[in-house]
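This briefing is for a reader new to the structure shown below.

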Amino acid sequence: MVLVHKPALQQFSFIRNIKPTTFFSGIPLIDLSKPDSKHLLVKACEEFGFFKVVNHGVPLEFISKLESEAVKFFSLPPSEKEKASPPNPFGYGKKSIGQNGDVGWVEYLLLTANQESVSQRLSSVFGDNPEKFRCALNDYVSAVKKMACEILEMMADGLKIQNRKVFSKLLMDEQSDSVFRLNHYPPCPEIQALKEHNMIGFGEHTDPQIISVLRSNNTSGLQISLNDGSWISVPPDPSSFFINVGDSLQVMTNGRFKSVRHRVLANSIKARVSMIYFGGPPLREKIAPLPSLMEGEESLYREFTWFEYKRSAYSSRLADNKLLLFERITAS
């Protein structure tokens, strides 16, 4: 990405007047090797919709190899990277996020998490030598998907759902509509001169899928929104993972779990590289509150297929409340 001078920066719609925030030490930290982790997972999902996991079982070698390959890709000349553009839906993109006018100080590579499809797409991304990247990607995605399924099964245990695979089976399905994203936020020194303004790397939003598994390098920028609407900065930790509850999981728990609103601010000095696995259900899957969690309560959401919700979510603006159209209207 080409950096622009300060006068030009003022013209971008992804500059925001954002109050300074401090790092928040109260992010739920969950050791997946501990026997009480299932209860802590439920509590974190109810209160934050977001938590950090350690002892996750993903080899650090897989993490470092994929990050190295990602840095190598984003360091290519623009003309080389653009051979993989536009992201329609998969491929390379920069600044534009989606098709509805959202922009950010970011470039990215969006891929399907289906390994066979990944290898086909990489042939156009990396020309004659995609094998090293493909292996690093497949190793990482397989390990992260396994961890995500284990976390979802622990959530089900914590919720006392008889079928502990009720969530994880949707990711394990051969038709699972899961995606993988590599984001690169270049440093932006010019924002130091903007005083109270910040450069939006990726605007505020919730993830529409079931669960998101995020890992980044040691550069800050990620923020989450609390229940009172305030924003807190999340301290980076390159050896751990951060987990987001997605909209679909909020629906399946009838609002008990909260889909977390989050964003990324650009850094003036250091580049930020993040790797996100978005665990989604098959397109045909019907999404609705689980009867076992209703306990005599009314459903807050009408039933819909993942295809229906995905189509609606991706036709809206990034910051929109995407679930609003799917809430049940109850008589007062």
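pLDDT is the predictor's confidence in each residue, on a scale from 0 to 100. The protein has a mean pLDDT of 87, and 85% of its residues reach 70 or more. Over residues 1-15 the pLDDT is below 50, and this stretch has 39 contacts in the model beyond near neighbours in sequence; contact means heavy atoms within 4.5 Å. This is a predicted model, in which local features need pLDDT of at least 70 and side-chain atom pairs count only at pLDDT 80 or more, while totals for chains, interfaces and linings use all residues. Residues are numbered from 1 along each chain as its sequence is written, and side-chain values use heavy atoms, with hydrogens and water left out.

**Confidence and overall make-up**

- Residues 17-23 also have pLDDT under 50, and the model has 16 contacts for them beyond four places in sequence.
- Where pLDDT is low, the predicted coordinates should not be read in detail.
- The secondary structure comes to nine helices and 15 strands; helices (H or I, at least four residues) and strands (E, at least two) are DSSP runs, numbered from the N terminus.
- Of the 332 residues in the protein, 54% are buried; buried means under 20% relative accessible area, exposed over 50%, and partly exposed in between, with a 1.4 Å probe and protein chains only.
- Among contacts with a separation of 6 or more, 74% are between residues 24 or more positions apart.

**Helices H3 and H6**

- Helix H3 (residues 60-74) packs with helix H6 (residues 131-158) at an angle of about 135°, and their axes are 9 Å apart.
- That angle makes H3 oblique to H6. Angles under 35 degrees count as roughly parallel, over 145 as roughly antiparallel, 65 to 115 as roughly perpendicular and the rest as oblique.
- Axes are lines fitted to C-alpha atoms, for helices over the stretch in contact, and angles run from 0 to 180 degrees between N-to-C directions.
- The crossing of H3 past H6 is left-handed, a term for a near helix turned anticlockwise from the far one by less than a right angle, with right-handed used if the turn is clockwise.
- On the H3 side, Phe62, Ile63, Lys65, Leu66, Glu69 and Lys72 meet residues of H6 that include Phe133, Ala136, Leu137 and Tyr140.
- By class, the contact of H3 with H6 has eight nonpolar, no polar and five charged residues. Ala, Val, Leu, Ile, Met, Phe, Trp, Tyr, Cys and Pro count as nonpolar, Asp, Glu, Lys and Arg as charged, and the others, Gly among them, as polar.

**Buried residues**

- Leu66 lies in helix H3 and counts as buried at 0% relative accessibility.
- The C-alpha atoms of Leu66 and Ala136 are 5.2 Å apart in space, although 70 residues separate the two in sequence.
- Leaving out residues up to four places away in sequence, Leu66 touches Phe133, Ala136, Leu137, Tyr140, Phe180 and Met275.
- Gly280 sits in the loop between strand E13 (272-279) and E14, and is buried with a relative accessible area of 0%.
- From Gly280 to Val179, 101 residues away along the chain, the C-alpha separation is 7.6 Å.
- Not counting residues up to four places away in sequence, the contacts of Gly280 include Leu170, Leu171, Asp177 and Gln209.
- Thr253, in the loop between helix H8 (247-252) and strand E12 (262-265), is buried with a relative accessible area of 2%.
- Thr253 touches Leu159, Phe167 and Leu293, with residues up to four places away in sequence not counted.

**Backbone features**

- Most residues other than glycine have a negative phi, and most peptide bonds are trans.
- The peptide bond from Ser85 to Pro86 is cis, with omega near -5°, and Pro86 is in the loop between helix H4 (78-81) and strand E4 (91-97).
- Asn88 and Pro89 are joined by a cis peptide bond with omega about -5°; Pro89 also lies in the loop between H4 and E4.
- Asn55 has a positive phi, near 50°, in the loop between strand E3 (50-54) and H3, and is exposed with a relative accessible area of 52%.
- Glu295 has a positive phi near 50°; it lies in the loop between strand E14 (286-287) and strand E15 (304-305) and is exposed, with a relative accessible area of 67%.
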